[in-house]
Amino acid sequence: MKIAFTGTHGFLATSLRTAWQQFGYEFVSLNRNEPQSVWERKIREADAVINLAGAPVTMRWTHKNRD
């Protein structure tokens, strides 16, 4: 199974990749600097897409961060 990921360098993505690679899963990175056509091709070829991009959950929950 081929999985397309955003946020591939984060804690959760790293843990999932490490755990699932032993079962033969293949991972494709979706990088924000790539053109839309590259994203479309990678997503079309993937069996699943997981979005883990965003702010870390370990950050301080100030009013600004919550917004």
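Is Lys42 buried or exposed? With a relative accessibility of 12%, Lys42 counts as buried, a term that means under 20% relative accessible area, whereas exposed means over 50% and partly exposed lies in between (1.4 Å probe, protein chains only).

## Basis of the report

The structure is a predicted model, in which local features need pLDDT of at least 70 and side-chain atom pairs count only at pLDDT 80 or more, while totals for chains, interfaces and linings use all residues. Residues are numbered from 1 along each chain as its sequence is written, and side-chain values use heavy atoms, with hydrogens and water left out.

Lys42 is placed in helix α2, which covers residues 36-45. Helices (H or I, at least four residues) and strands (E, at least two) are DSSP runs, numbered from the N terminus.

When neighbours within four places in sequence are set aside, Lys42 is in contact with Val28, Ser29, Leu30 and Glu34. Contact here means heavy atoms within 4.5 Å.

## The pair Lys42 and Glu34

The side chains of Lys42 and Glu34 form a polar contact at 2.7 Å. A polar contact is a pair of N or O atoms within 3.5 Å; within protein, one must be able to donate a hydrogen and the other to accept it, and residues adjacent in sequence count only if both atoms are side-chain atoms.

The two side chains of Lys42 and Glu34 also meet in a salt bridge (2.7 Å, N to O). This term denotes a side-chain nitrogen of Lys or Arg within 4 Å of a carboxyl oxygen of Asp or Glu. Lys42 is buried, whereas Glu34 is partly exposed, because its relative accessible area is 22%.

## Salt bridges involving Glu45

How many salt bridges does a search of the whole structure find? The search finds three. One of them joins the side chains of Glu45 and Lys2 (4.0 Å, N to O). Glu45 belongs to helix α2 and Lys2 to strand β1 (residues 2-6), so this pair ties together parts that are 43 residues apart in sequence.

Glu45 also forms a salt bridge with Arg41 through their side chains (3.6 Å, N to O). These residues, Glu45 and Arg41, are four residues apart in helix α2 and are therefore separated by about one helical turn. Glu45 counts as partly exposed at 43% relative accessibility, and Arg41 is partly exposed with a relative accessible area of 37%.
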